[in-house]
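Biologist: Could you take me through the fold and its packing? I would like to begin with the sheet.

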Amino acid sequence: MIERVLNGVTVLGAVRGLVAEGDSVRNRLERMTPSAVGIAISPDELKGLREYFVSPETEPVVPLAPTEAGEVRGLARYGEVGVPNPVAVEAIRWSDGAGVEVEPLDPSDDDYSEWFADTISYVELVRRTLRERRVVKRPPTPPTADEFAMSWSRTINKGAGSRRLIARRDAAVIEGLGRLRARHASVVLLVDRERFDGVVTLLNDGFASVRTPVGDSYRASR
C-alpha cells in the first residue's frame, strides 16, 4: 500500500485483490479514524459489496470474467487473493462499524458504460480485447505486487481512448472528493494502486481546478 497526504486528504493506493492489502487498509483506518472515507468504486458496487459481502450470513459465489480470472491467477504469486476486492470490503466494513460515512466516487455503472462507448473507438476496442487476451495468457511477473498492478493496467490501457477514459474517471473521483471534503474535517480516499498517481496529480492541482470532461472532446471517432 502506498500513501500520500494532499489538500487535507489522505490518499491510499492499494493493490486490488490482495488480502494483505485489505488488512493494511483496515489497520490504517483504525489508526487514523477519519470522519469520512471515499472509495473509487461505483454506487452500484458499494451497494453490492455491502449487501452481499460486508456482513452476510453466507457469501455468494462470485462469477469472474476471463480477464478478471487471469488477473487473479497472475496476482496469486504475490500472496493470498480475495474476490471480490478485499481492499474495498475491509474499508467498508471498518467504516460501517465505526459509524463513518462511505462515499462511492466513481461514476455509476450505467454512466461508465456510456463513457466507454463514447471514448473507445471500434478499432481500439479490438486492439484492447487482443491485449487483454495476451496478458491473460502471459501475465507479467515483476518482483512485487505493486509492479504487477501497474504493468497489468499499462498493458490493457495502452490506447489513447483508454487513457482518456481513465482520466475522465479520475476527474470524477476528485470532483466527488471535493464535495466530501467540504462536509468532513478528515477524509481518506482509497483507490486501486494503478490509479494512485493520476489521482494524486489531479488532487495536487486542487479541487477547484478539476472538472469532469464531457462532450465531444471525449467522443472517439468511429
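**Sheet, cores and rings**

Modeller: Strands β3 and β4 pair in the parallel sense over 4 bridges; two strands pair if DSSP finds at least two bridges between them. Helices (H or I, at least four residues) and strands (E, at least two) are DSSP runs, numbered from the N terminus. This is a predicted model, in which local features need pLDDT of at least 70 and side-chain atom pairs count only at pLDDT 80 or more, while totals for chains, interfaces and linings use all residues. Residues are numbered from 1 along each chain as its sequence is written, and side-chain values use heavy atoms, with hydrogens and water left out.

Biologist: Which residue in β4 stands opposite G38?

Modeller: G38 has E103 opposite.

Biologist: And what is the strand order of the open sheet?

Modeller: The order is β1-β2-β5-β3-β4, an open sheet of 5 strands with mixed pairing. β1 (2-6) and β4 (101-104) each have a single partner strand and stand at the edges, so one side of each is left without a neighbour in the sheet.

Biologist: Which strands does helix α8 touch?

Modeller: Helix α8 (residues 160-183) packs on the sheet and touches β2, β3, β4 and β5 (contact means heavy atoms within 4.5 Å). The direction of α8 makes about 160° with that of β5; axes are lines fitted to C-alpha atoms, for helices over the stretch in contact, and angles run from 0 to 180 degrees between N-to-C directions.

Biologist: Changing topic: how many residues are in the largest nonpolar core?

Modeller: That core has 22 residues, and those with the most contacts inside it include I39, I92 and L190. A nonpolar core is a set of buried Ala, Val, Leu, Ile, Met, Phe, Trp, Tyr and Cys residues joined through side-chain atoms within 4.5 Å. Buried means under 20% relative accessible area, exposed over 50%, partly exposed in between (1.4 Å probe, protein chains only). The largest share, 6 residues, comes from α4.

Biologist: Now the rings: how many aromatic pairs are there?

Modeller: The whole structure has 3. Rings of Phe, Tyr and Trp (its six-membered ring) pair if their centres lie within 6.5 Å; planes under 30 degrees apart count as stacked, over 60 as edge-to-face and the rest as tilted. Y78 and F148 form a tilted pair, 5.7 Å centre to centre with 50° between the planes.

Biologist: Is F148 buried or exposed?

Modeller: F148 is buried, with a relative accessible area of 1%. Ring pairs also link Y78, F148 and W152 into a cluster.
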